Amino acid sequence: MTSYGWHQAKQSWAWLVGSREYTNFAYELATENVADSPQRRVMDPEPRYERRTAGYAIVPATCPQQVVEAGVNKGLGSCVFSAALLRNADEGHHGRLTALDINRDAGTLIGGKCASVIGLRYGDSIAMLAASASPVDLFFHGSDQHYDHESAEHRAVAGSLTESALVLTDNGGPALSDLGKFCGRRCLMFREDPADHWALGGVLGVVMRVAP
Ligand SMILES: C[S@@+](CC[C@H](N)C(=O)[O-])C[C@H]1O[C@@H](n2cnc3c(N)ncnc32)[C@H](O)[C@@H]1O
């Protein structure tokens with residue numbers, strides 16, 4: 001048996017004796033490099049993706065060619081986006097993620113297969129967005145959450161957004177709804193409800209074009 005076959009057989013056995021979920025096959029999403037990351041001492045061994053899982057659903061639903069994420073930190077969100085892009089590529093829809101962060105230590109989780117679809121660039125998000133003319137199908141704001149910075153990011157990317165582009169943020173608020181008004185697109189927000197955690201949770205916001 002190949003090593004993959006052994007791995008699957010071992011995991012099937014562990015699932016058979018350890019899981020009560022026989023109908024949905026529920027599992028965590030794979031994230032690469034957590035155990036190897038230089039930042040592993042300031043991370044839980046099991047990553048919790050919270051609102052980032054929205055990206056894992058939106059990417060297959062919209063098949064973007066160019067995703068831009070402003071604000072990378074360790075790269076948890078980038079890994080979720082790239083996992084979805086790699087799934088799309090298996091089905092013939094190729095796309096890439098450009099990940100922007102001002103901190104040169106950002107992105108330590110980005111490696112392995114997920115790095116093949118990510119271009120990590122360091123610098124100020126507003127300056128880098130303003131300097132790029134490439135079309136953007138999905139823009140994720142996750143950097144400096146102050147209204148002025150977020151609004152300036154939106155203004156810098158607005159001219160590059162494709163007709164059907166989505167703009168997402170994990171701190172939905174006035175800057176995002178102003179963008180919706182400015183470009184005549186619908187703005188929706190969803191508040192997370194964290195379980196067993198002191199954090200209040202974020203607000204996933206999306207600006208999108210809705211058919212008339
Ligand atoms: C909340 S973290 C991003 C979280 C990330 N999206 C995730 O999924 O884990 C915010 C990041 O924004 C970056 N940042 C702050 N100001 C920035 C700026 N002006 N330009 C680019 N990145 C910035 C910080 O360095 C930090 O890594």
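Two strands count as paired if DSSP finds at least two bridges between them. In this predicted model, strand E1 (residues 66-70) and strand E4 (residues 136-141) pair in the parallel sense, over four bridges. Within that pair, Val-67 stands opposite Leu-138 of E4.

Now widen the view to the sheet. Seven strands make up an open sheet, ordered E3-E2-E1-E4-E5-E7-E6, and the pairing is mixed. Strand E3 (118-122) and strand E6 (186-191) stand at the edges. Each has a single partner strand, so one side of each is left without a neighbour in the sheet. On average, neighbouring strands are turned by 15° against each other, direction ignored. Helix H3 packs on this sheet and touches E1, E2, E3 and E4. The direction of H3 makes about 170° with that of E2.

Follow the order on to E5, E7 and E6. Strand E5 (residues 161-169) pairs with strand E7 (residues 203-208) in the antiparallel sense, over three bridges. Thr-169 has Gly-205 in E7 as its bridge partner. E6 and E7 also run antiparallel, joined by six bridges. Here Arg-186 stands opposite Met-208 in E7.

Around the ligand are 17 residues, of which Gly-71, Asn-73, Gly-77, Ser-125 and Gly-142 come nearest. Helix H3 (76-90) and strand E2 (96-101) are the elements that give two or more residues to this shell. By residue class, the shell divides into six nonpolar, seven polar and four charged.

Methods. Residues are numbered from 1 along each chain as its sequence is written. This is a predicted model: local features need pLDDT of at least 70, side-chain atom pairs count only at pLDDT 80 or more; totals for chains, interfaces and linings use all residues. A residue is near a molecule or strand if its C-beta atom, placed from the backbone, lies within 6 Å of it. Ala, Val, Leu, Ile, Met, Phe, Trp, Tyr, Cys and Pro count as nonpolar, Asp, Glu, Lys and Arg as charged, and the others, Gly among them, as polar. Axes are lines fitted to C-alpha atoms, for helices over the stretch in contact, and angles run from 0 to 180 degrees between N-to-C directions. Two residues are in contact if their C-beta atoms, placed from the backbone, lie within 7 Å.
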